[in-house]
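User: Hi! I would like to learn how to read the pockets in this model. Could you walk me through them?

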Amino acid sequence: MIIRFGYVSHALSLWDCSPAKALTFTRWKKLSEDERSAQLHYVTEQNLKHTLRMIHYNIAHEIFLYRFSSSMVPLATHPEVRWDYKTPFQHLFSEIGTLVKKHRIRTSFHPNQFTLFTSEKPQITENAVLDMSYHYDVLEAMGLSNEAIINIHVGGAYGNKQAAIERFHMNLTALPLHIKRRMTLENDDKTYTTTETLAICEKENIPLMFDYHHYMANNESDEKLENLLPRIFQTWETIGLKPKIHVSSPKSEKEFRSHADYVDLEFLLPLINHLKNFNIDIDVMVEAKRKDFAALKLCEDISKIRGIKRIGEATIEM
């Protein structure tokens, strides 16, 4: 089996290359009409050019798994701002997408925790649909809407988890089907366990983005990996993509849910040992604080295990 490693949005190896430079609504509101447009265009152009730099970096370092920053277009969904960001930057979106497809880089988005479908408030659901639509539109501008994914969490429990799950299924009907087909759901570290999230995924025909760190932090029911993994992998068959999982390790015993700078191999070994039992290729998104450094180091560390061979800068074979 082949396992590829990737990182989240910002290659720390590159100088001044954040793809998430911001323009806040407070600052935007203080500007004149001309200044508002100029700043929106300036910040967006910087973010897209930085994203392009990171795609080139990924190609050079054989990193074929990458998560775009959700913040590449400032104020894209703000109700008082909404602006046409695609027309002036279509050339950059297309350039990014062309490179991604040419080098077969697997890409994704991960909207923030406020993009959820469990709320009783219709406005929250409306905002979730709006945010998912923004992410889909960016992928469409890149020509990646048929291959990239948009990953979210189930949401809050609001004191009654079963009622919240029922609302999730109901509220999700507001999401256009073509966007739903690109979404995945991730088990979280406090509320929805892997088993609970998996049941939702199976009912909705949505792939489960398994997060091992969250599984370890939120496993009160003693869920067994050997029972969960086959079902998790099967959910990916609905969109014809190889399974993808998230890994990180605790910052400390006291701050168990916080991510460490790098991934502790000892923490990950139980998962690695279980994965050896499956003869399928898997992609692994490293969510450590040191981003690309952590992804490459984890690949190197795992490759030192007997029976595992490094076949690329960010790829191993087991």
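**Pockets and cysteines**

Analyst: Happy to! By class, 4 nonpolar, 1 polar and 6 charged residues make up the lining of the second largest pocket. Please keep in mind that this is a predicted model.

User: Which helix and which strand each supply at least two residues of that lining?

Analyst: Let's begin with the lining itself, which includes Val100, Lys101, Ile105, Arg106 and Thr107. Two elements each supply at least two of the lining residues: helix 3 (86-102) and strand 3 (106-109).

User: How much space lies in the second largest pocket?

Analyst: Its lining also includes Arg4, Glu147 and Lys242. The space in the second largest pocket is about 180 Å³.

User: What is the volume of the largest pocket, and which residues are closest to its centre?

Analyst: The volume of the largest pocket is about 1300 Å³. Its lining has 49 residues, and the closest to the centre are His110, Pro111, Asn112, Gln113 and Phe114.

User: Is Cys299 buried or exposed?

Analyst: A residue counts as buried when its relative accessible area is under 20%. Cys201, at 1%, is buried by that cut-off. Cys299 has a relative accessible area of 0%, so Cys299 is buried.

User: How many disulfides are there?

Analyst: A disulfide needs two cysteine sulfur atoms within 2.5 Å. By this rule, the count of disulfides is 0.

How values were computed
Residues are numbered from 1 along each chain as its sequence is written. This is a predicted model: local features need pLDDT of at least 70, side-chain atom pairs count only at pLDDT 80 or more; totals for chains, interfaces and linings use all residues. Side-chain values use heavy atoms; hydrogens and water are left out. On a 1 Å grid over the protein atoms alone, a cavity is a set of points where a 1.4 Å probe fits but cannot get out, and a pocket is an open set with protein on both sides within 12 Å along at least five of seven lines; lining residues have an atom within 4 Å of a point. Grid points are joined across faces, edges and corners, and a volume is the space filled by probe spheres set on the points. Helices (H or I, at least four residues) and strands (E, at least two) are DSSP runs, numbered from the N terminus. Ala, Val, Leu, Ile, Met, Phe, Trp, Tyr, Cys and Pro count as nonpolar, Asp, Glu, Lys and Arg as charged, and the others, Gly among them, as polar. Buried means under 20% relative accessible area, exposed over 50%, partly exposed in between (1.4 Å probe, protein chains only).
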